[in-house]
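Here are a few friendly notes to read alongside the model.

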Amino acid sequence: MSDNRSKLFITAIGTDSGKTLVSAIFIKALNASYWKPIQAGLPADVTAVKKLISLPEHKILPSRYALKTPASPHAAAAIDGLTMQLEDFALPAADPLIVEGAGGLMVPVNEEKLIIDLIQHLNVPVVLVCNLYLGSINHSLLSIEALQSRGIRILGIVFNGNENAASERVILNFAKTPCLLRIKQEETLTTQIIDQYAEELRRNLTKLDAQ
């Protein structure tokens, strides 16, 4: 993987779009470490990643903030008597590194800053996870426009879940951003399925490098 994307931030158009699954696939494809800067509630995301790809402990980096309540980060931090500042966050030295965000781009970190501000602070390219539902074109293009207006590089889009070819085509056309992977609505997720997606992702990234 080229140096300018040895660290990637996995974000999404919504809270339940599939960031953790996509993070696991990227970690497997790139043999990367995993960092979730803000964990609100039980460490379900970390547990899911470990289960999906049998990630060794040394590749799971501790969250900067592990908050007790499953809520928006700023609200969960307030319950714990904390106020998070962007200056509290620094990228770990691990390389390659997959960083998983909390919720979507406009989720508050504190009363003044959002997840998109955290991405800008960390200065890493983004992979945007899009799932397809009524209104998802709007949510996807708004997310893309917000990232582009901040000068944040979008490496590409991952479509996750039920397929809608027409919506995907519209999103990619307006975004001028490549599709890195399409994940089906899998009934069950096994390590073998994750391996298959990881191999497909490696091939797609190789093609992207060749362009």
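**Notes on the cores and cysteines**

1. In this predicted model, the largest nonpolar core has 37 residues, and the members that touch the most others are Phe9, Ile38, Met84, Ile115 and Ile157. At least two residues of this core come from each of strand 5 (65-67), strand 6 (97-100), strand 7 (126-130) and strand 8 (154-160), and likewise from each of helix 3 (73-79), helix 4 (115-122), helix 5 (136-149) and helix 6 (165-175). Helix 4 gives the largest share, five residues.

2. Leaving aside residues up to four places away in sequence, Phe9 touches Val99, Gly101, Ile115, Ile119, Leu122, Val124, Pro125, Val126 and Val127. There is also a second, separate core of 33 residues, with Leu30, Val46, Val129 and Leu181 among them. As a general background, nonpolar side chains in soluble globular proteins tend to be buried together.

3. Now to the cysteines: how many disulfides does the count come to? The count is zero. Cys130 is in no disulfide, and the nearest cysteine sulfur, in Cys179, is 9.1 Å away.

4. Cys130 has 0% relative accessibility, so Cys130 counts as buried. Cys179, at 34% relative accessibility, counts as partly exposed.

Technical notes:
Residues are numbered from 1 along each chain as its sequence is written. This is a predicted model: local features need pLDDT of at least 70, side-chain atom pairs count only at pLDDT 80 or more; totals for chains, interfaces and linings use all residues. Side-chain values use heavy atoms; hydrogens and water are left out. A nonpolar core is a set of buried Ala, Val, Leu, Ile, Met, Phe, Trp, Tyr and Cys residues joined through side-chain atoms within 4.5 Å. Buried means under 20% relative accessible area, exposed over 50%, partly exposed in between (1.4 Å probe, protein chains only). Helices (H or I, at least four residues) and strands (E, at least two) are DSSP runs, numbered from the N terminus. Contact means heavy atoms within 4.5 Å. A disulfide is a pair of cysteine sulfur atoms within 2.5 Å.
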